[in-house]
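Subject: Structure handover

Hello,

Here is the structure I promised to pass on. My notes follow below it.

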Amino acid sequence: MIKHLLRGIGIFSGALILSLGLFMVAFLGLAGYAGYLTHQDMGAAAVPIRLLSQGLTTDAGGYTLAPECQDLLSEYSAWAILINDEGEIIWSQNKPEDIPDHYTLSDVASFTHWYLGDYPVTVWNRADGLLVAGSPPGMQWKYNLTISIAIMELLKRGIPTFFFTLLISVILLVILILHYGQKKRDRARSGWIDGISHDIRTPLAIIMGKAEALSTDSTLCGPVAQDANAILTASQNVRDLISDLNLTMRLDYAMEPLGLESVAPAPLLRALGAEVLNSGLASSLEINIAAEAEKLILRADPSLLRRALLNLIQNALRHGSENTLTLGLTTRRRQVIFTVTNAWPGLTPSQLAQLGTAPPTRGKSPDGLAPHGTGLTLVRRIAAVHKGRLAFTSPEAGRLQAELWMPSRRWYHPFP
């Protein structure tokens, strides 16, 4: 789930960065184009009022507008008027007929920020009056916005909050979508594995039944009975592998409920050792339990813990060079450590390091070590759900030791 979550957050972050990048490119492109239009005198919507005021002069004969300013008015299809302090127009150029000749103080206060009639205007204060330049209707857009300081402060605080809330909401939405998709895939995978397991178990049960009947048939000769026993043993291994596969998958996707109980590790290890000897799996077995481990207790699922230890024992007997084992129990750093040690001549450091990592996906490693198989994968899953871990060491040359670390706590009273 974490892997899919990180992948989804990565996709979302990439999409967000790409979107912001495209937005910035578009914005800079638009700003550059607007600058180009302005440089080409295509972006200005109004007559340069300051330049117009400089070109308007007075003499004994009245007011005179410089020829270049007259050309400006013609270029912009604009007009201009000069209003004195009494509100009368004392000069005009291209004034439309619907523009009044007299203005009150309220009229001036209105059009200096808005429109004069339907004409967008700009104004310039002069010593002899107020110069007004008007553009054709629809040439400019003017709007006066007034907002209180309290609302501005609220917006300053609210916009970042809104942005981060929106960002978190989008991330949560991505997480929910990924979680739903992962759950759907998990259900499909679980159904597929359950179906395959059921389909395999049915013919496997027939094979095991026939093989067991043949192995106990006194009329058959020795080699045939031995072959039947071999078939029975192989079929039992296949059955155990199917069971391990199902349990591994259920633990991996948190579908197996843990029945946590107080478990005494020392009696559990002794019982497993006796079971292994009585079943004939090992020819000899030694159990070493440290004195301090006798009074420890685990909070664990007994059936899963027993399953993990049996898998380690079976794996050691299957791959070791001798049919002998040493089981151990010790403590370190508030953890109890189960150990399973067997002979493995020629064990190399690279093989030991590989055993401590995830199994190869297929085939063999360059040093010839076979894939770990389902057994060790199941042990790792069981250790993980108990907040423990699986490790491998070599206490001496030619020997391999599997270590199952499990959290523990001490008894308040000695074990009876």
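Helices (H or I, at least four residues) and strands (E, at least two) are DSSP runs, numbered from the N terminus. This is a predicted model: local features need pLDDT of at least 70, side-chain atom pairs count only at pLDDT 80 or more, and totals for chains, interfaces and linings use all residues. Residues are numbered from 1 along each chain as its sequence is written, and side-chain values use heavy atoms, leaving out hydrogens and water.

The cavity

On a 1 Å grid over the protein atoms alone, a cavity is a set of points where a 1.4 Å probe fits but cannot get out; lining residues have an atom within 4 Å of a point. The count is 1 cavity of 30 Å³ or more. The largest cavity has a volume of about 70 Å³, taken as the space filled by probe spheres set on the points, which are joined across faces, edges and corners. H8 gives the most to its lining, with 4 residues. Strands S12 (335–343) and S14 (399–410) each supply at least two. Among the lining residues are His319, Trp344 and Phe392. The lining has 7 nonpolar, 4 polar and no charged residues. Ala, Val, Leu, Ile, Met, Phe, Trp, Tyr, Cys and Pro count as nonpolar, Asp, Glu, Lys and Arg as charged, and the others, Gly among them, as polar.

The helix pair

H7 (residues 265–279) and H8 (residues 302–319) pack at about 45°, axes 11 Å apart. Contact means heavy atoms within 4.5 Å. Leu268, Leu272, Glu275 and Val276 in H7 meet H8 residues including Arg306 and Ile313.

Best wishes

Technical notes: Axes fitted to C-alpha atoms, helices over the stretch in contact; angles between N-to-C directions. 1 Å grid on protein atoms, 1.4 Å probe; cavity = no way out; pocket = protein on both sides within 12 Å on 5 of 7 lines; lining within 4 Å.
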